[in-house]
Amino acid sequence: MEDTSWLGSNASAGEWASAGGSQGQPVNQDYGRPNSVSTNSNSGNGSNSQQDPSLYGRAASNMSGSSGYSASDYQQVSSSTVGGSVDRRLPRSSSSVYTGSVYGYQTAPAQVRRDNAGIIVANRAGDEETEDGRIRNREAATKIRDAWIYKQIRARQDEFTQYKQGRIFVGTWNVNAKGKDESLDSWLCADWEQNGAPDIVVVGFQEMVDLNAVNVAVENKSQQRSQFWVDRIRSTLNSKKNTMNDPMRAYTQLAAKYLVGLLVCVFVKAPHKPRVKHVHTDSVGVGVMGVMGNKGGASIRLQFYDSTLCFVCTHLAAHRENVTGRNADFANVFNKTSFEIGDEAVKEVIKLGSLSQWATGTASVGISDHDLVFWFGDLNYRVDESIPTERVLELSTSNQLDELIEHDQLNIERAQGRVFQDFEEGPLTFQPTYKYQPGTDLYEQRPDKKLRAPAWCDRILWLPQEP
């Protein structure tokens, strides 16, 4: 796949990539280059839509696997999963949801629950004993029947589903409380002439304020700085050059959410605004004492046509050796982020084929309960310490990336299944984005500054509901 711009890689339908800066382009910040991913997708415009990395669309989750139960006491001896997303809140469990035949259920505890999330799926209080001594639960039977119906509908969804192509731009930038004067056009709008303007623009910032004790405790500057960056993005997207004074080319802000130095904001092109609904935000602090906002995540979720999208901007634990801290921060943000979308939104996603909210019986959804999730930000994963700092600098400066990619901590941790399970990421075809001298393309090596090993701290990953 050809890298067509210095800040992003544009993927044709069915392809996804993230890309960062290439040498020779001026960058005016001291922490790292902005990072972005620009993607093409198809948006489902029917009641059920096939979902893969290149397609928006609400897919009816299927029931996979099979269930077996002991004939004597109905103890579950094998399991399947109803709903494609319900077991992604935490590392997967073999018995994470109520599954099985009409007469099958887990025998303990008193209520059938998801093991990790603790959400009730079917209440054992509804158990009934039949004349032949078997146990029947009408709620569970109804859900299993509906799961089968959804599966049959999904098998024929192409007969009644329309798809629309769309593009999403996602970018991330740690501005280190600087970056006031740089033009954002070369970052946000670099490929518009060649590929057209995206339908959705999502931008995340980290360290928009100094992460000192006062700002972390009081957040006295965060609102002001977040508004500054939102205004900068809006004025860039809606400049006369980009819109040519055509209101249908303009962008509308859907939402913005900040947490101390973190900010995530979402803009949508004017023609799509009427087809966006159920927009909700959340933030989770995982910094000092595990709750403060110097590290954490800010998130926005929404329904775009018949697709549910979630955007998560995070700043994870620092320091080269602190891999376990970053993994823990990811897990905490993933598990604690929750959106109270309300009963009407739940009815909508059930109508569009989701078995997840239908099965759990709650108006709250997590990160993984969406058709497509983008996770981006300063994830702070470094190049493994087995390579000396001087060697990392040498390889980064000369653009010899293979050895660095092999020892990239995030790649290692993902391969071992310890973090970002089931997420995908584009190839690292660009030089490490950390750490540069202000206003230059030079890695920080000044004598009066601490020497740091370059790294791909700034990343963009995505999680499709169905790979």
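Residue L188 is found in helix α2 (residues 185–188), where helices are DSSP runs of H or I with at least four residues and strands are E runs of at least two, numbered from the N terminus. The model is a predicted one, in which local features need pLDDT of at least 70 and side-chain atom pairs count only at pLDDT 80 or more, whereas totals for chains, interfaces and linings use all residues. Residues are numbered from 1 along each chain as its sequence is written, and side-chain values use heavy atoms, with hydrogens and water left out.

With a relative accessible area of 1%, L188 is buried, a term that means under 20% relative accessible area, while exposed means over 50% and partly exposed lies in between (1.4 Å probe, protein chains only). Although L188 and L237 are 49 residues apart along the chain, their C-alpha atoms are separated by 7.7 Å. By contrast, W148, which is found in helix α1 (residues 138–155), counts as exposed because its relative accessibility is 53%.

Several backbone features were also identified. A positive phi of about 55° is found at H278, although H278 is not a glycine, and this residue lies in strand β12 (residues 276–285). Y305, likewise not a glycine, has a positive phi of about 55°; Y305 is placed in the loop between β13 (296–304) and β14 (307–315), and its relative accessibility of 8% means that Y305 counts as buried. Finally, Y434 and K435 are joined by a cis peptide bond with an omega of about 0°, and K435 is found in the loop between β18 (424–425) and β19 (458–464).
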